[in-house]
Every structure is written in C-alpha cells, then in structure tokens.
Amino acid sequence: MEISALQQIVKERYFKTDSERGIYHTALWFHEEVGELSSAIATGDQQNAKEEFADVLMWLLTLANLMEVKMEDAVADYLKNPRKLPTK
Ligand SMILES: [Mg+2]
C-alpha cells in the first residue's frame, strides 16, 4: 500500500472527528501512542509493539492530515536529502 492511499483512508475515517478535537489534543493522543510503543519496546512485547507501531503511524497520518501535509511528498523530499544519523 502506498503512503498516500493509507493517508487517504485515515482521512476518510477520522478527519471529521480529528478536526473537531483539534490539532493540540490530537497531538496529545499521538504522544500517548508513542509512549505506548516505547513501553512495548522496553518490555520486549513483540505483539504489542506491532500494534503500537500501527497506532503511531495512524496518529502520525492523522496529524499530517490536520496540517495538510502530504506524507508521500514529505517522505520523497526526505529521501532526496536525508538527515544524517547520529554516530556514537
Ligand atoms: Mg496504542
């Protein structure tokens, strides 16, 4: 599945509710999901981590929809000029 197709599905399912909630409170939901993913990683719970990765991605796409950012374009731009990874 392409990113744009997934983002459109998220928009069709959740945009009205997300718009009513607003960007700030939607961002709080996103942060909560990132926390849940971090906990799953820390405990080594692979099945829960899988679910939380999906949660984080869906909330990320929700935020992108609210900010009118096309993630397909954002990722393409990123790949043209990726940030350098920190070295230890
Ligand atoms: Mg979750």
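Ile23, Tyr24, Leu28, Met67 and Val69 form a nonpolar patch on the surface, with about 490 Å² of accessible area together. Patch members have over 30% relative accessible area and no salt bridge, and nonpolar side chains (Val, Leu, Ile, Met, Phe, Trp, Tyr) are joined within 5 Å. Areas come from the Shrake-Rupley method with a 1.4 Å probe. The model is predicted: local features need pLDDT of at least 70, side-chain atom pairs count only at pLDDT 80 or more, and totals for chains, interfaces and linings use all residues. Residues are numbered from 1 along each chain, and side-chain values use heavy atoms, without hydrogens and water.

- Val69 sits in the loop between α3 and α4 (71-80).
- Val69 is partly exposed, at 33% relative accessibility; buried means under 20%, exposed over 50%, and partly exposed in between.

**Magnesium site**
- Glu33 (OE), Glu36 (OE), Glu52 (OE) and Asp55 (OD) are the protein donors of the magnesium ion, 2.0 to 2.2 Å from it.
- Donors are N, O and S atoms within 2.8 Å of the metal (3.2 Å for Na, K and Ca).
- Their spacing in sequence is E-x2-E-x15-E-x2-D.
- Glu52 and Asp55 are separated by about one helical turn, because they are 3 residues apart in helix α3 (residues 46-66).
- Helices are DSSP runs (H or I) of at least four residues.

**Glu52 and Asp55**
- Glu52 is buried, at 8% relative accessible area, whereas Asp55 is partly exposed, at 28%.
- Glu52 has no salt bridge, and Lys50, the nearest side chain of opposite charge, is 13 Å away.
- A salt bridge needs a side-chain nitrogen of Lys or Arg within 4 Å of a carboxyl oxygen of Asp or Glu.
- Beyond its neighbours within four places in sequence, Glu52 is in contact (heavy atoms within 4.5 Å) with Glu33, Glu36, Leu37 and Ala40.

How values were computed:
Helices (H or I, at least four residues) and strands (E, at least two) are DSSP runs, numbered from the N terminus. Buried means under 20% relative accessible area, exposed over 50%, partly exposed in between (1.4 Å probe, protein chains only). Lys and Arg count as positive and Asp and Glu as negative; His and the chain ends are not counted. Patches are made of residues with over 30% relative accessible area and no salt bridge: like charges are joined within 9 Å, nonpolar side chains (Val, Leu, Ile, Met, Phe, Trp, Tyr) within 5 Å.
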